[in-house]
Amino acid sequence: MANFSTTPSVKGPITHVIFDMDGLLLDTEKFYTEVQQIILARYNKTFDWSLKAKMMGRKAIEAAQVFVQETGISDSLSAEDFLVEREEMLQHMFPTSELLPGASHLVRHLHAKGIPICVATGSHRRHFELKTQRHGELFSLMHHVVLGDDPEVKKGKPSPDIFLAAAGRFEGSPVDPKKILVFEDAPSGVLAAKNAGMHVVMVPDPRLDISHHETADQILSSLLEFDPVYWGLPAFENVES
Ligand SMILES: O=P(O)(O)OC[C@H](O)CO
Ligand SMILES: [Mg+2]
């Protein structure tokens with residue numbers, strides 16, 4: 001990871017941007033954490049951030065398999081049954097999803113400057129629609145959205161599938177992956193972006209172990225800290241978020 005404590009040099013130039021959704025644009029990771037804590041408590045186990053790190057960003061069934069196997073409850077609860085139980089609680093939480101700080105400002109800025117932007121999320125369509133119910137106008141600024149249940153996404157993050165599919169749906173000739181900047185919060189997502197040959201800015205939850213920061217090109221504590229100029233993107237015209 002680069003050191004950003006000194007005067008930054010310009011990287012890029014970046015021409016296209018891909019946003020992760022859960023935990024990056026939307027404050028939805030807390031819902032998964034809460035529900036998984038409730039389910040594990042029934043087995044007298046606690047949910048911690050090392051397990052969270054292994055699950056976040058992945059497709060639902062892939063995360064579910066990690067959950068039941070890593071916690072040793074797979075004989076009592078299958079991955080499929082875990083998803084059914086989790087769903088009952090999540091579907092009431094998702095419509096309350098809120099944007100994370102700086103998300104709206106950054107998306108609107110890049111769109112206004114004509115930078116092609118899109119979303120690549122492990123969420124499947126039904127969850128995407130519940131989570132974005134109150135944010136339709138902002139998500140309409142995206143050129144496209146690639147979801148975890150898209151036929152082109154054979155494997156979830158950390159496989160590069162979703163980012164390669166997202167890159168391939170921009171207009172014009174194929175985009176050089178080195179000119180694409182991905183924003184991610186999850187270790188699996190950062191790896192997926194690097195596996196796709198792209199640059200990645202990580203905005204990790206502070207409870208995530210810092211060993212997960214190593215792979216990213218830049219670490220920010222919030223999207224509010226992002227400086228587009230560093231990546232050769234158009235500068236903000238004001239400092240409001
Ligand atoms: O972080 P995302 O947007 O890829 O979503 C992945 C899961 O739905 C939640 O971890
Ligand atoms: Mg995420």
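Helix 4 covers residues 79-93, 15 residues in total, and reaches 21 Å from its first C-alpha to its last, close to the 21 Å expected at 1.5 Å a residue; the expected span is 1.5 Å times one less than the number of residues.

The model is predicted, so local features need pLDDT of at least 70 and side-chain atom pairs count only at pLDDT 80 or more, whereas totals for chains, interfaces and linings use all residues. Residues are numbered from 1 along each chain as its sequence is written, and chains are lettered from A and ligands numbered from 1 in the order in which they are written.

The protein contains nine helices and six strands, helices (H or I, at least four residues) and strands (E, at least two) being DSSP runs numbered from the N terminus. Its radius of gyration is 18 Å, which agrees with the value near 18 Å for a compact globule of 241 residues; the radius is taken over C-alpha atoms, and the globule rule is 2.2 Å times the number of residues to the power 0.38. Along the principal axes, the C-alpha trace spans about 55 × 35 × 35 Å. Of the 241 residues, 37% count as buried. A residue is buried if 20 or more other C-beta atoms lie within 10 Å of its own, exposed if 12 or fewer, and partly exposed in between, with C-beta atoms placed from the backbone.

An automatic or database assignment supplies the domain bounds, giving domain 1 (16-28 + 98-231) and domain 2 (29-95). The domain centres, taken over C-alpha atoms, are separated by 23 Å. In domain 1, 22 residues are in contact with 15 residues of domain 2; contact requires C-beta atoms, placed from the backbone, to lie within 7 Å. Helix 6 (125-131) and helix 9 (187-195) are the elements that give two or more residues to the side of domain 1 that touches domain 2. The residues of that side comprise four nonpolar, eleven polar and seven charged. Here Ala, Val, Leu, Ile, Met, Phe, Trp, Tyr, Cys and Pro count as nonpolar, Asp, Glu, Lys and Arg as charged, and the others, Gly among them, as polar.

Helix 9 is largely enclosed by the rest of the structure, because eight of its nine residues are buried. Its buried residues pack against helix 2 (49-55), helix 8 (161-168), strand 4 (180-184) and strand 5 (199-202). Just after helix 9, G197 takes a positive phi of about 80°.

V68 is found in helix 3 (residues 60-70) and is partly exposed, with 19 other C-beta atoms within 10 Å. Leaving aside neighbours within four places in sequence, the contacts of V68 include I73, L77, A79 and F82. The C-alpha atoms of V68 and E80 are separated by 9.8 Å.

Two backbone features occur in loops. Most residues other than glycine have a negative phi, and most peptide bonds are trans. N44, in the loop between helix 1 (29-41) and helix 2, has a positive phi near 55° and counts as exposed, with 6 C-beta neighbours inside 10 Å. The peptide bond from K157 to P158 is cis, with omega near 20°, and P158 lies in the loop between strand 3 (144-146) and helix 8.

Definitions and conventions
Two residues are in contact if their C-beta atoms, placed from the backbone, lie within 7 Å.
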